[in-house]
Amino acid sequence: MSNSIHGRAGPSRPRFRPAGEVPAGIGDLRPFLRLFLDDGRWLVTGLGLALLGLIAGLGLVGSSGAFLAATALVAVQPGGIGNFNMITPTGWIRLFAVGRTVTRWAERVFTHDATFRLLGGLRVWLWRRLSRLSPRQLGNWHAGELLNRFVRDIDNLDHLYLRLVVPTSAAFAA
């Protein structure tokens, strides 16, 4: 019976996990989520900007939809096009479009800067802890596997905040 998605028979074993290690669950992320909360002002600013970007996007959809509906109604009325104000709705559409663009750009700048600061500190902390270990304590690991795991795990934390925490929090706040 096949145990992998590629149809190869045999037990599937993760490449870089030593024997006896338990796969990570959501409970294992709690200490890292606390790290994100420690550098709060950058992250809260980024989250606020993400929320403003969502609000601007909703305003853009609403104002453009109302403008299209109003132009459709005016088009079917005889002589209605002369009394229709096109300047105000197009101004709102431009305002929301530019506002959405600016807030999305600023949100990316703030959240990425905060994440890179946090991950840089985490890499230094982890490297100091690993450098104290003797070769005997690292006996289960090959040098390339340890480096790959070190880099991959820290890089995955980058996606935790940018791709999970910010969009989910902004969506619930909106």
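Is D113 buried, exposed or partly exposed? I looked this up and found that D113, at 25% relative accessibility, counts as partly exposed. I took buried to mean under 20% relative accessible area, exposed over 50%, and partly exposed in between (1.4 Å probe, protein chains only).

**Entry 1: the model.** I noted that this is a predicted model, in which local features need pLDDT of at least 70 and side-chain atom pairs count only at pLDDT 80 or more, while totals for chains, interfaces and linings use all residues. Residues are numbered from 1 along each chain as its sequence is written, and side-chain values use heavy atoms, with hydrogens and water left out.

**Entry 2: confidence.** I read pLDDT as the predictor's confidence in each residue, from 0 to 100. The chain has an average pLDDT of 76, and 78% of the residues score at least 70. I then compared elements; helices (H or I, at least four residues) and strands (E, at least two) are DSSP runs, numbered from the N terminus. Confidence is highest in helix α2 (residues 40-76), with a mean of 90, and lowest in helix α1 (residues 30-38), with a mean of 67. Over residues 1-20 I found pLDDT under 50 throughout, and the model has 18 contacts beyond four places in sequence for them. Contact here means heavy atoms within 4.5 Å.

**Entry 3: salt bridges.** I applied the rule that a side-chain nitrogen of Lys or Arg lies within 4 Å of a carboxyl oxygen of Asp or Glu. The structure holds two such salt bridges. One joins the side chains of R117 and D113, at 3.1 Å from N to O. These residues are four apart in helix α3 (residues 87-131), so about one helical turn separates R117 and D113. R117 is partly exposed, at 45%. The other salt bridge joins R108 and E107, at 3.9 Å from N to O. Here I found R108 partly exposed at 43%, whereas E107 is buried at 8%.

**Entry 4: nonpolar cores.** I searched for sets of buried Ala, Val, Leu, Ile, Met, Phe, Trp, Tyr and Cys residues joined through side-chain atoms within 4.5 Å. The largest nonpolar core has seven residues: L43, A50, A114, Y161, L162, V166 and A170. Helices α2 and α4 (143-173) each give two or more residues to this core, and α4 gives the most, with four. A second, separate core has five residues, including L119, L122, I154 and L157.

**Entry 5: a glycine.** I located G57 in helix α2. G57 is buried, with a relative accessible area of 13%. The C-alpha atoms of G57 and R104 are 10.0 Å apart, although 47 residues separate them along the chain.
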